[in-house]
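Please find below a colleague's note on the structure shown here, written as numbered points. Each point takes up one part of the fold and the contacts made there.

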Amino acid sequence: MQINKSHKKLYTLPPLPETFWAYFAGFVDGEANIRKVLIRQTSIGPNYGLEMSIGQNRRNGGKEIFNWFQNQLKVGTIRIRKLDFEKPERDMFYFDIKQRMALKVILEKIKPYSKIKTKRIQELLEYMMGTYE
């Protein structure tokens, strides 16, 4: 695995109450896709990216809740996917976290509260421990 500067970019976790982490873990359990993706294969080996993406449609308050998550966590991007240009209520919003060290810290915080994605979170944390430390 190749390691570049973005792999070691530090992330300082903002002070947040435990109730936030429990709430966020519920969102991750129900709506998130947490994965390791192959960015490219090079002559010295594969280069993987890690990401978490949470999706919500406009009807369920996707943009507002994701703005709140982004403001609380101080990391992540929000993107929109238009499903029907004549029906904006069908728009899908996604909150993505791709910064590796931020994702590591966040996964460590939500792991105790996770009920469904606990195994996946543990797998990715073990991968990151073996790769970056």
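1. In this predicted model, strands β3 and β4 (residues 92–97) run antiparallel and are joined by five bridges. One of the residues involved is I80, whose bridge partner in β4 is F93.

2. The pairing of β1 with β2 is also antiparallel, and here ten bridges join the two strands. A hairpin of two residues connects β1 to β2. T42 stands opposite G45, which belongs to β2.

3. These pairings belong to an open sheet of four strands, with the order β1-β2-β4-β3 and antiparallel pairing. The edges are taken by β1 (32–42) and β3 (77–81); each has a single partner strand, so one side of each is left without a neighbour in the sheet. From one strand to the next, the twist averages 30°. As background, the strands of a sheet pair through backbone hydrogen bonds, in either a parallel or an antiparallel manner.

4. Helix α1 lies across β1, β2 (45–57) and β4, and runs at about 100° to β2. Helix α2 (residues 62–73) also packs on the sheet, where it touches β2, β3 and β4. The direction of α2 makes about 15° with that of β4.

5. Helix α1 has a helix partner as well. To describe two packed helices, one gives the angle between their axes and the distance between the axes. For α1 (residues 18–31) and α3 (residues 100–110), the angle is about 100° and the axes are 9 Å apart. Because angles of 65 to 115 degrees count as roughly perpendicular, α1 is described as roughly perpendicular to α3.

6. Which residues of α1 and α3 meet? On the α1 side they are E18, W21, F24, A25 and V28, and on the α3 side I106, K109 and I110. The residues of this contact divide into six nonpolar, two charged and no polar ones.

7. The structure holds seven salt bridges. One of them joins R35 and E51, with the closest N and O atoms 2.3 Å apart. R35 lies in strand β1 and E51 in strand β2, so this pair ties together parts that are 16 residues apart in sequence. R35 is partly exposed, its relative accessible area being 30%, while E51 counts as buried at 11% relative accessibility. R35 and E51 are also linked with K98 in a network of salt bridges.

8. A salt bridge is likewise found between R79 and D96, where the closest N and O atoms are 2.5 Å apart. With R79 in strand β3 and D96 in strand β4, the pair links distant parts of the chain, 17 residues apart. Is each partner buried or exposed, or in between? R79 counts as partly exposed at 39% relative accessibility, whereas D96 is buried, with a relative accessible area of 6%.

9. The last pair for attention is K104 with E108, a salt bridge whose closest N and O atoms are 3.0 Å apart. K104 and E108 are four residues apart in helix α3, and therefore about one helical turn separates them. K104 counts as buried, at 10% relative accessibility. E108 is partly exposed, with a relative accessible area of 37%.

Note on methods:
Residues are numbered from 1 along each chain as its sequence is written. This is a predicted model: local features need pLDDT of at least 70, side-chain atom pairs count only at pLDDT 80 or more; totals for chains, interfaces and linings use all residues. Side-chain values use heavy atoms; hydrogens and water are left out. Axes are lines fitted to C-alpha atoms, for helices over the stretch in contact, and angles run from 0 to 180 degrees between N-to-C directions. Angles under 35 degrees count as roughly parallel, over 145 as roughly antiparallel, 65 to 115 as roughly perpendicular and the rest as oblique. Contact means heavy atoms within 4.5 Å. Ala, Val, Leu, Ile, Met, Phe, Trp, Tyr, Cys and Pro count as nonpolar, Asp, Glu, Lys and Arg as charged, and the others, Gly among them, as polar. Two strands pair if DSSP finds at least two bridges between them. A salt bridge is a side-chain nitrogen of Lys or Arg within 4 Å of a carboxyl oxygen of Asp or Glu. Buried means under 20% relative accessible area, exposed over 50%, partly exposed in between (1.4 Å probe, protein chains only).
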